[in-house]
Amino acid sequence: MNITRAYDEMFMAYANLLAQKGWAKTGTNPLVGAVIVKDDEIVGEGFHRKIGEAHAEICALAQAGERARESTLYVNLEPCTTYGHTPPCVNAIIRAGVNRVVIGAIDPNPEVNGRGIKYLTDAGIEVVQDILKHWTDNLNRWYYKFIKENLPYVILKIAASEDMRLSGYPQKYITSLQSRRYVHSLRSQIGAVMIGINTLLVDNPYLTDRLVGRHNPTRIVIDPHLKIPLNTHFLIPDAHRIIITDKNNPSEKIKKLSERGVEFILLDGTDYPPQKILNALAQSGIGAVMIEGGALVFNQFLKSELYDEILLFVAPVTVNKGLELKLENTLIKNIVPEKIGGDKLYHVYRNN
Ligand SMILES: NC(=O)c1ccc[n+]([C@@H]2O[C@H](COP(=O)([O-])OP(=O)(O)OC[C@H]3O[C@@H](n4cnc5c(N)ncnc54)[C@H](OP(=O)(O)O)[C@@H]3O)[C@@H](O)[C@H]2O)c1
Ligand SMILES: [Zn+2]
């Protein structure tokens, strides 16, 4: 192992961990962490906390102050060159007198995409690339999709019996506590979950991350006829709540729900192709969403292939009845499931 590379990886690992603190809060922006090192000591660190707020590099530079001069900046994603909500980070880095910049991955945003590196090298700064790139790529796979396709990253989270049924179970939860805890941690990372109205009516789910308690995701329900009852758990004001519905629904009920802090995505009519739903979510600033049911919603997203990943939890029960999951066996036949609690977890990436 090259010593310099191992040294750089050590600080880049920390930058990635800092970036993860932004999970669920950066909306359609990337997860970015930055560390400034001078004479083997960390003199500044930061992460992107929220869309619209300072970028990670700026937070770290502010903390380092004068000590940023002749330092090394570690940042998991290429520094930006654009005037978005904030001015370009490359200018601040050059001004602060940083003389070495270590980057995890190039920003695929067409407005940056290598330009940040060029700015820095043109200013005489040494730039090192691709340090723990796989970590940044994995962490920012949602952002990469959004910036390229202007669509949220979609994960289908499905719990099924051995015979691929989605309902008709003997107990409320068919999967193990360990599986559910894993799902709750994903909810807190992805930042948004979505269900169809029947699931809300039948299961009355909370859709929180209560088993980990970090950050409740935005919850979204597709409810074209506005059947949502006013006493449902979905409406508890402990998270952003969004209802996707027909704009011609009675304004009285929309008003009542708005007064309780609910937001609406108003569409034409009562039948929304998955693509239309995803476009509407993108316009509402949702960069990633975990779809949690029910059968109709899963099957339409599977059929249209508008998903990026599937997390299929298979519990060790057979029910011989209930709603059926229409999942091509070819999708999972070559996947070795992970054991989680008593369940099997198949993790499918659509592009693999
Ligand atoms: N095993 C699991 O992982 C899992 C997860 C969640 C739920 N479930 C189970 O699944 C069952 C519910 O599933 P389900 O298939 O009956 O219903 P669902 O998928 O939860 O909801 C379907 C309803 O949502 C609305 N909807 C969904 N997609 C729409 C679209 N693209 N455009 C317009 N409206 C749309 C429609 O409402 P309208 O009828 O008003 O038009 C539709 O009838 C429950 O038994 C629940 O326990 C299982
Ligand atoms: Zn920036």
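Thr218 is buried in this predicted model, because 23 other C-beta atoms lie within 10 Å and 20 or more count as buried. The residue belongs to strand E8. Strand E8 is part of an open sheet of nine strands. A second open sheet has five strands. The shell around ligand 1 holds 27 residues.

**Thr218 and its surroundings**

- Thr218 touches Gly191, Ala192, Ala239, His240, Ile242 and Ile286, leaving aside neighbours within four places in sequence.
- Ala123 sits 95 residues from Thr218 along the chain, and 42 Å separate their C-alpha atoms.
- Strand E8 covers residues 218-222 and runs parallel to E9, with four bridges joining the two.
- Within that pair, Ile222 stands opposite Ile244 of E9.

**The nine-strand sheet**

- The strand order is E10-E9-E8-E7-E11-E6-E12-E14-E13, and the pairing is mixed.
- E10 and strand E13 (338-340) form the edges, each pairing on one side only.
- On average, neighbouring strands here are turned by 25° against each other, direction ignored.
- H11 packs on this sheet and touches E6, E7, E8 and strand E11 (288-291). The direction of H11 makes about 130° with that of E6.

**The E9-E10 end of that sheet**

- Strand E9 (residues 241-246) pairs with strand E10 (residues 263-267) in the parallel sense, over five bridges.
- Ile242 has Glu263 in E10 as its bridge partner. Ile242 is also one of the contacts of Thr218.

**The shell around ligand 1**

- Of the 27 surrounding residues, the closest are Gly196, Asn198, Gly293, Gly294 and Ala295.
- By class, 14 residues of the shell are nonpolar, nine are polar and four are charged.
- Two strands, E6 (153-160) and E7 (192-196), each supply at least two residues. Helices H8 (197-203) and H11 (295-304) do likewise.
- Which element gives the most to this shell? Helix H8 does, with five residues.

**The five-strand sheet**

- Here the strand order is E2-E1-E3-E4-E5, again with mixed pairing.
- Strand E2 (41-47) and strand E5 (126-128) are the edge strands, and each pairs on one side only.
- Neighbouring strands are turned by 20° against each other on average, direction ignored.
- Strand E1 (residues 33-38) and strand E3 (residues 72-77) run antiparallel and are joined by four bridges.
- In that pair, Val35 has Tyr74 of E3 as its bridge partner.
- Helix H1 (residues 3-20) packs on this sheet, touching E1, E2, E3, strand E4 (100-105) and E5. The direction of H1 makes about 145° with that of E1.
- Helix H2 (residues 56-64) packs on the sheet as well, touching E1, E2 and E3. The direction of H2 makes about 140° with that of E2.

Note on methods:
Residues are numbered from 1 along each chain as its sequence is written. Chains are lettered from A and ligands numbered from 1 in the order in which they are written. This is a predicted model: local features need pLDDT of at least 70, side-chain atom pairs count only at pLDDT 80 or more; totals for chains, interfaces and linings use all residues. Two strands pair if DSSP finds at least two bridges between them. A residue is near a molecule or strand if its C-beta atom, placed from the backbone, lies within 6 Å of it. Ala, Val, Leu, Ile, Met, Phe, Trp, Tyr, Cys and Pro count as nonpolar, Asp, Glu, Lys and Arg as charged, and the others, Gly among them, as polar. Axes are lines fitted to C-alpha atoms, for helices over the stretch in contact, and angles run from 0 to 180 degrees between N-to-C directions. Two residues are in contact if their C-beta atoms, placed from the backbone, lie within 7 Å. A residue is buried if 20 or more other C-beta atoms lie within 10 Å of its own, exposed if 12 or fewer, and partly exposed in between; C-beta atoms are placed from the backbone.
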